[in-house]
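Hi there,

Here is the structure I promised to pass on. Please have it open while you read, as my notes follow below.

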Amino acid sequence: MNKIKHILTTFVIIFLFIVIYFLSYNLAEPKAYDFMTKNFLTQKFSFDKNKKIYGSDDIVLIVIDAKTVEKHRWPWKRESYCKIFDYLYHAKPKFIVYDAIITTLDKDNPTSDTKFFNSVKKLDNLIVGFMPKLTSYRDKKQGEILDKSFSQKFGINLIDKTSKTPDTYQSFMTFPKPYFESVKNIGSVSMFPGFINGNLANWAIDENHRNHEYLFRYKGQFYPSLAMKTFLLENNNPEIVLTNKAIKFPSLDYEIRQRKTYYQTITPLRFYSQYDSGYSHKNYSAVDVMESYDAIKKGKKPILAPENFKDKIVLIGANVPAGEGLNDNKNTPVSVNHPGVDIQATAIDNIMNNDFLFVIPQWINILFTILGMFFVYVFIRIFDLYKSIFSTLLIIFAYFVLGSICFYFGIIINVLTPVIFFVLTTILAYTHKFVLENKSKEKVKTAMGKYISEDIMKRVVQNIDNLGLGGKKSVVTVLFSDIRGFTTMSEQMTAQQVSEILNEYFTEMEPIITKYNGVINKFIGDAVMAIFGEPIQDKNHAQNAVKCAYAMLQRVKELQKKWVKEGKPKIEIGVGINTGEVFVGNIGSVNRMEYTVIGDTVNLASRLESYNKIYKTKLLISPTTYEEVKGFTDVIKISDVQIRGKANKMDIYEVLRVDLDG
C-alpha cells in the first residue's frame, strides 16, 4: 500500500511540475525574454561605459511622420509618392522596400494613380508589400484567378523538406490590376505576436512581436517576406532548401535557423537599441525627401543629399500614431510603440548581415533546470538552514549571470522558468526534509520512550532550547516496588528466563502506573521507582500513588495464576510509598544528565519498601501519605518503627484495602 502511495505521489508531483513548466513558459518566460533582450542583447559592454547596439548604417528609413502630414494633409494623392520614388531613382539605393499595401484604385484621382504606377514600373529594385490573410476569399472564382497570377509572377521555387502542416493563410489581399502589372518584386508584411523559444508557442495572451516569418507556404507555393525578398535579390535568387529547422542556401554556405510550430516556421528577431527618435535605424522624414526632390528639380541645394541613400537599402513606411491609417506601431521587447517599418528593417538587417540569435534546444533548457534543481535539493539536504538558503540564492544568481552572458552573445536561454523551479525545489526539499525529520523524531521518541518516560520526554522536547542542569523543590509522592527474593530466584533460572519474567512483569506494571498519572523514573534491577505529582501536575498524587500500588498488587495476583500454569516461579512484590518535598529536575553533568528526584522523601520511600520483608507486608506507606489517603483505605498502623537513617521512631501503615473508586 505504501509503495502504491509513493508511486501516486511521484506521478502527481511530476504532473504538477509539467503544468507549472508550461504555465511559467507561457506566462513568465516571455517577460523575462523581453527584459533580457532590452538590457543585455542590445548593449555592448566596454570598460568606460555600456554602448548601445544600433541597426546597420546600410539600412535607412523614409517615414511618413507627423511632420510630413502637417505639410501634406492625409490622405494623399498617390502621385505624392512619385516624388519619393523619383528622388530615390536618382539617388541609386541598392533596394527600395515599400512597406505598404495597395488594394484599391483611387477612383477620384485616376491620373494620380497612373503617375504612381508608372513610377513604380521603372524601379527594378523596388520591393512592395502584400498581405496574406487568414480568411477565405468572398469570391472564390476571382480568388483562384488571383492565386494563379501571384503564383506565376511572384512564387519562389525551392526544395521543400518540411513536414506537411496546414496552410496558415487562406487568401491574399487583392492588388489593383495596374499595380499588379507594374510591380516586379513583392514581400509579405505579415507580423504575428507571440513568444516562441523552442517548440512551445503562446499566441493568445502575449501581444509582443518577437519573431519573423521569412518564408510561408500558400496552396503549394512559397512566398517571401520583404526581408527575404531583399536577401534573394541581393544574392541573385540562390537555390533554397527548406527544412523544419532551417532555410538553407547551399551555394552561399548560409542558413537561417528557425522554429517550427503547427502552422508556421519562424525565426526570432535580433532587435537593436533605439535612437531618441524611437527607431533602431537612421530615419528621415518623407517631407524632407519630397522637398529635396523639388529643390533638385529647381537646381537648388536639397535638404537631404542623395548620397545619404546611395547603395543603401531604403524602407518607406508610415508612422503617425494619431493618424488614421498611418499608425503601424507594434509592441516589441525594446518598445511598446515600435514603428512597424523599423521592425521590417530589423528583419532585413538580421538576414543581410547574418545577425541571428541562437536559440538553444529545449532539452538543454530542461537539462539546466533539472541540474539546478538537483543541486538545490542536495545542498538543502546536506547543509543547515542558512548555508542551504545561501547556496540556493547563489545558484539562482549564478544562473541569472549565465542567462545574462548568453543573451549578451545572442544565445537565447530560458531565464525565469528554471529559477521558478529552483524556488519550487527549495519549497519541496524543505517540505520533504521536514517530513523526514519529523519521522526521524517520531522514531527517536518511540525508541527513547522505551528507556525514559514519555512524559519526561515531552518535557525535554518542550524545553529543548533551555535544557540545563537544575530544577526546583516540589511536593511529590514517590513509589518503590521490588520483587521479593528475586536474587535467590534468579540464581535458579537461566538469563533468558530471568529476562522473560522481568519483561512480562514490567510490561504489565507500566500501564497501571501511567493510568494513575505516575511517571516511571527508573528501573533498578527488579525494582521500579515511580513519581507522582511531577512532571505531570496532579493535586491528588498521593491518593493516585496508593491506588496505583494496590492495582499493581492485584495484577500480580492474577499473573501468579498464569505463571504457575506455565511452570514459572510464583513471585511476590512489595511496595513502599512516601509523600514529601523533593528536589526535582536535571541532575548530572552538562554532557550527561538525568531527570529525577532526590531528597529524604525518596530515601524514606525506598526504606519503607524494604521493611515489607521485616513485617511480612506488601504495601507500606508513610504518615504523610496516610494523611492524604486515610479516607478511602483500610490500614494497620505499625507503631514506633525505627527507620534506618532517622533519629526518631515513626509510625508506618500497612495498607490492607483500597477503594479504587473512592
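Let me begin with the rings: the structure holds 46 aromatic pairs (rings of Phe, Tyr and Trp, the last by its six-membered ring, pair if their centres lie within 6.5 Å; planes under 30 degrees apart count as stacked, over 60 as edge-to-face and the rest as tilted). Helices (H or I, at least four residues) and strands (E, at least two) are DSSP runs, numbered from the N terminus. Y169 is buried, with a relative accessible area of 2%, and F216 is buried too, at 3% (buried means under 20% relative accessible area, exposed over 50%, partly exposed in between, with a 1.4 Å probe and protein chains only). F374 and F375 form another edge-to-face pair, 5.5 Å centre to centre and with 70 degrees between the planes. F375 is partly exposed, with a relative accessible area of 40%.

Before going further, a word on the source: this is a predicted model, in which local features need pLDDT of at least 70 and side-chain atom pairs count only at pLDDT 80 or more, while totals for chains, interfaces and linings use all residues. Residues are numbered from 1 along each chain as its sequence is written, and side-chain values use heavy atoms, with hydrogens and water left out.

The charged end of K153 is over the ring of F180, 4.9 Å from its centre. K547 lies over the face of F632, at 5.2 Å from the ring centre.

An open sheet is formed by 6 strands in the order 9-5-4-21-3-20, with parallel pairing (two strands pair if DSSP finds at least two bridges between them). Strand 9 (185-188) and strand 20 (282-285) are the edge strands, each pairing on one side only. Within the sheet, strand 4 (residues 95-98) and strand 21 (residues 313-318) pair in the parallel sense over 4 bridges, and I96 stands opposite V314 in strand 21.

A hairpin is there to see as well: strand 22 is joined to strand 23 through 2 residues. Strand 22 (residues 329-332) and strand 23 (residues 335-339) pair in the antiparallel sense over 3 bridges, with P339 as the bridge partner of N329.

What about helix 10 (residues 340-352): how many of its 13 residues are buried? The count is 12, so helix 10 is largely enclosed by the rest of the structure. Among the buried ones are G340, V341 and D342. After helix 10 comes N354, whose phi is positive, near 50 degrees.

Finally, have a look at N544 in helix 17 (residues 541-565). N544 is buried, with a relative accessible area of 14%. Leaving aside residues up to four places away in sequence, N544 touches Y516, N517, F532 and D538 (contact means heavy atoms within 4.5 Å).

Best wishes

Conventions: Lys NZ or Arg CZ within 6 Å of the ring centre and 35° of its normal.
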